[in-house]
Amino acid sequence: MTFFQDFPVPPRPPQPRATRYIPPPWAGAPAHELPVAVHLGRFLHRTPTMALTLRSADVYSTGCVFNVGWLFRRGEQDEDSWADLHHVFFQPGIGHRRGAGQQTNLMFGVELPDGSKASTAHQPLPGFPEPAVEPDPPVIALNGGGGSGGDDELAGSGTVWLWPLPPAGELRLVVQWTQFGLAETSVMLDGGALRDAAAGVQRFFPEEDTPA
């Protein structure tokens, strides 16, 4: 027996089990659902040096996530101008409001058939808690997914969360990024098709949804 084995190991004090935090439905997609993927395959904007794409929507029981991507090719920019675009492209807080002046960052908006609207320009900054009181719908939030850049191209992707599920009718998705020369533009989507797709959502643990 070695020296340290002469000393008894103290019992471990009981550790209280933390309560699992469940974010409110407007804060983001449910964590324990397998969504239904709806192919969209639309260009939100396309020029010889820029493409902004709407790839698909992941539909959940409470809302949907739009998967978007963007790519910029170097045009006539000199080294300094291209370096400035690099800085803008990779700066944190993409899509968030900065001060009360003109908003030039990437912004998304939505307009529902009843005329109600929402914009990412006024969403809370990352890391801030979601509001304790349920906001008026709709709610839309942009989350950056990553990006890469080189001497000739800049590419990135992100997701746009929409709560709640849209009603039947035309849903207008709006985008603007004036820092990269993209004026306000929009596409029309079938809100009813997205809502109908939610019928195929599968829960990871359906027993948790069974009343006691």
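Read along the sequence, the pattern is β-β-β-β-α-β-β-β-β-β-β-α-β. This is a predicted model, and it holds two helices and 11 strands.

Q: How do you know how confident the predictor is in this protein?
A: The scale of pLDDT runs from 0 to 100. The mean here is 85, and 87% of the residues reach 70 or more. Among the elements, helix 1 (residues 79–89) has the lowest mean pLDDT, 79, while helix 2 (residues 191–197) has the highest, 97.

Q: Where does pLDDT stay under 50?
A: That happens over residues 96–101. For this stretch the model has 13 contacts beyond four places in sequence.

Q: What makes Arg 73 and Glu 153 a salt bridge?
A: The cut-off is a side-chain nitrogen of Lys or Arg within 4 Å of a carboxyl oxygen of Asp or Glu. The N to O distance between Arg 73 and Glu 153 is 3.2 Å, so the pair meets the definition of a salt bridge. The two residues come from distant parts of the chain: Arg 73 sits in strand 4 (residues 64–73) and Glu 153 in strand 8 (residues 153–163), 80 residues apart.

Q: Why is Glu 153 called partly exposed?
A: Its relative accessibility is 33%. Buried would need a value under 20% and exposed one over 50%, so Glu 153, at 33%, counts as partly exposed.

Q: What makes Glu 79 and Arg 74 another salt bridge?
A: Their side chains meet at 3.4 Å, N to O, and the limit is 4 Å.

Q: Why is Leu 142 called buried?
A: Leu 142 has a relative accessibility of 3%. Buried means under 20%, so Leu 142 counts as buried. Leu 142 is found in strand 7, and its C-alpha atom is separated by 6.5 Å from that of Trp 161, 19 residues apart along the chain. Across the protein, buried residues make up 36% of the 212 residues.

Q: What makes strand 7 and strand 8 a pair?
A: Pairing needs at least two bridges, and strand 7 (residues 139–149) is joined to strand 8 by 10. The two run antiparallel and form a hairpin with three residues between them.

Q: Why is strand 3 described as largely enclosed by the rest of the structure?
A: Nine of the 10 residues in strand 3 (residues 50–59) are buried, so the strand is largely enclosed by the rest of the structure.

Q: How do you know which strands pair with strand 3?
A: Strand 2 (residues 36–47) pairs with strand 3 in the antiparallel sense over nine bridges, and strand 4 pairs with strand 3 in the antiparallel sense, also over nine bridges. The threshold is at least two. Leu 54 is the bridge partner of Arg 42, and Val 68 in strand 4 is the bridge partner of Leu 54.

Q: What makes Phe 3, Phe 4 and Phe 7 a nonpolar patch on the surface?
A: A patch takes residues with over 30% relative accessible area and no salt bridge, with nonpolar side chains joined within 5 Å. Phe 3, for example, has 54% relative accessibility and counts as exposed. Phe 3 lies in the segment before strand 1 (33–34). Together the three residues have about 410 Å² of accessible area.

Note on methods:
Residues numbered from 1 in each chain as written. Heavy atoms only, no water. Helix = DSSP H or I, 4+ residues; strand = E, 2+ residues; numbered from the N terminus. Buried < 20%, exposed > 50% of the residue type's maximum accessible area, 1.4 Å probe, protein only. Patch = residues over 30% accessible without salt bridge, like charges linked within 9 Å, V, L, I, M, F, W, Y side chains within 5 Å. Areas by Shrake-Rupley, 256 points an atom, 1.4 Å probe, with all protein chains shown as cover. Contact = heavy atoms within 4.5 Å.
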